[in-house]
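Please keep the sequence and the model in view while reading.

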Amino acid sequence: MSRPIVINNAHLYGDTVASLLIEDGLITQVADTVETPDGAVVIDAQGLVALPGLVDLHTHLREPGREDAETIETGSRAAARGGWTAVHAMANTNPVADTAGVVEQVYSRGQEIGLVDVYPVGAVTIGLKGEHLSEMGAMASSKARVRLFSDDGVCVYDPVIMRRALEYVKTFDGAVVQHAQDLRLTEGAQMHEGEVSAELGLAGWPAVAEESIVARDALLAEHVGSRVHVQHLSTAGSVEIIRWAKERGIKVTAEATPHHLLLTDESARTYDPLFKVNPPLRTQADVDALRAAVADGTIDIIATDHAPHASEDKDCEWAAASFGMLGLETALGVIQKVLVDTGAATWRDVARLMSEAPARIGQVDHLHGRPIAEGEPANLTLVDPKAAWTVTPEALASRASNTPYGGIELPGRAVATFLRGVPTHLDAQLEGAFA
Ligand SMILES: [Zn+2]
């Protein structure tokens, strides 16, 4: 049995100050002051913001198959350090997570490591080939209890396959999670299609390649009466379509990544492949539209699209480099910078965007994204909003180091993460309390 933990004077959701008692994995008391039981660990959380443990709906852990880029263990550690208590692992591994066997293996490995709950996302189609539906039912009823299905990395392009997938997930109220990218319109594309791509002579990726699929899938979801979740929204036009679809009552949800809320296609001028990502970084007008959509609730959640790559896949010229960037350890800092410090959102909004809503969409809200209240599981993150830190790629827990934020100062970070009352991350200062 683990020692009781007392967290004194934390700012719950960034406002009310309260103290918490954690025993046997549960929050057993929330009060102005709590009595310290014998043998308890006491944390002084003055100035710290307490949030429900963060839930990422979009993580690439690379295992099985690309353990040189990330493993479930290194990715779990990166997640815990970033304040996450649950991650949804994408299916584009090798072998692809398109069978009950693979998803059970990923789920069990996550539990064995115990730093974060790993929920596998099943592939929509066998081998992500877009031709035949995977064994979705077997994955849903496996012990991994898969509720989200995605071919992320590639778009489910065939409208008939998309329709059937939507019909299928409806039977267990799951969702199809779409990487919206028209394959024909983006053949050979390297970055956002616009002024910068024209100047640099790199093949462009037009906004309409995303928007046309978002619109099609919203209409298909309406037709079937099923749920679609759109990943990494990157354009102002996509925001308008999601807004329209929601007004119409279509069951659509959407996510934005921290990098699409901060960076623009101007970064490509460096020719540094660290800024090469799918979908591409867009214009400042798109960034502004995405921030406004997060603030007004049109975009439901923040998800990282944490995409570790081995150095040989990034240390090369732009055209040859893989798409993707790390995100788990920097997400909170970037979100504080672009949303909280700008006044666009409060910490309570952050709790909704990065914990409660993703837990609901991923159907793990019986365990994660719970209120900070008595009787609830002690899945918590303590954030120090004043802990300005400079990102050092080699110091990240991830096995890969492809962060675009190297050398950049971020305003805040998670100083402690608890999964069912067990500390999975403690900064140096707090570590002393547990020694
Ligand atoms: Zn994607």
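**Strand β14 and its sheet**

Within β14, Val-252 is the bridge partner of Val-228. The model is a predicted one.

**The five-stranded sheet**

- β13 and β14 run parallel and are joined by three bridges.
- These strands belong to an open sheet of five, ordered β9-β10-β13-β14-β15, in which the pairing is parallel.
- At the edges of this sheet are β9 (148–149) and β15 (301–302), each of which pairs on one side only.
- Three bridges also link strand β10 (residues 175–178) with strand β13 (residues 228–230), again in the parallel sense; Gln-178 has Val-230 of β13 as its bridge partner.
- In general, the strands of a sheet pair through backbone hydrogen bonds, either parallel or antiparallel.
- Five of the five residues of β14 are buried, so the strand is largely enclosed by the rest of the structure.
- Both faces of β14 are covered, with Val-252, Ala-254 and Ala-256 on one side and Thr-253 and Glu-255 on the other.

**The zinc site**

- Asp-152 (OD), His-179 (ND1) and His-232 (NE2) coordinate the zinc ion at 1.9 to 2.3 Å.
- The spacing of the donor residues along the sequence is D-x26-H-x52-H.
- His-179 lies in the loop between β10 and β11 (191–192), and His-232 in the loop between β13 and α7 (236–247), so the pair ties together parts that are 53 residues apart in sequence.
- His-179 has a relative accessible area of 2% and is therefore buried, the cut-off being under 20%.
- His-232 is likewise buried, with a relative accessible area of 2%.

- Asp-265 is found in the loop between β14 (252–256) and α8 (284–295).
- With a relative accessibility of 6%, Asp-265 counts as buried.
- Leaving aside residues up to four places away in sequence, Asp-265 touches Met-191, His-192, Val-196, Leu-281, Arg-282 and Thr-283.
- Between Asp-265 and Lys-276 there are 9.4 Å in space, C-alpha to C-alpha, and the two are eleven residues apart in sequence.

**Strand β5 and its partners**

- In strand β5 (residues 49–52), Val-49 and Leu-51 point one way while Ala-50 and Pro-52 point the other way, and all are buried.
- Strand β1 (residues 5–12) runs parallel to β5 and is joined to it by two bridges; His-11 has Val-49 of β5 as its bridge partner.
- Strand β16 (residues 380–384) runs antiparallel to β5, and four bridges join the two.
- Opposite Leu-51 stands Thr-381 in β16.

- An open sheet of three strands has the order β6-β7-β8, with parallel pairing.
- Its edges are β6 (54–59) and β8 (117–120); each has a single partner strand, so one side of each is left without a neighbour in the sheet.
- From one strand to the next, the twist averages 20°.
- Strand β7 (residues 84–89) is joined to β8 by four bridges, and the two run parallel; the bridge partner of His-88 in β8 is Tyr-119.
- Helix α10 (residues 347–361) lies across β6 and β7, and runs at about 55° to β6.

- The axes of helix α6 (residues 208–224) and α7 come within 9 Å and cross at roughly 10°.
- Angles under 35 degrees count as roughly parallel, and α6 and α7 are therefore roughly parallel to each other.
- On the α6 side the contact is made by Glu-210, Glu-211, Val-214, Ala-215, Ala-218 and Leu-219, and on the α7 side by Gly-237, Ser-238, Ile-241, Ile-242, Trp-244 and Ala-245.
- The residues of this contact comprise eight nonpolar, two polar and two charged.
- In helix α9 (residues 331–340), nine of the ten residues are buried, so this helix is largely enclosed by the rest of the structure.
- The buried residues of α9 include Leu-332, Val-334, Ile-335, Val-338 and Leu-339.

Technical notes. Residues numbered from 1 in each chain as written. Predicted model: local features only at pLDDT ≥ 70, side-chain atom pairs only at ≥ 80, totals over all residues. Heavy atoms only, no water. Pairing = 2+ DSSP bridges. Donors = N, O, S within 2.8 Å, 3.2 Å for Na, K, Ca; no water. Buried < 20%, exposed > 50% of the residue type's maximum accessible area, 1.4 Å probe, protein only. Axes fitted to C-alpha atoms, helices over the stretch in contact; angles between N-to-C directions. Parallel < 35°, antiparallel > 145°, perpendicular 65-115°, else oblique. Contact = heavy atoms within 4.5 Å. Nonpolar A, V, L, I, M, F, W, Y, C, P; charged D, E, K, R; others polar.
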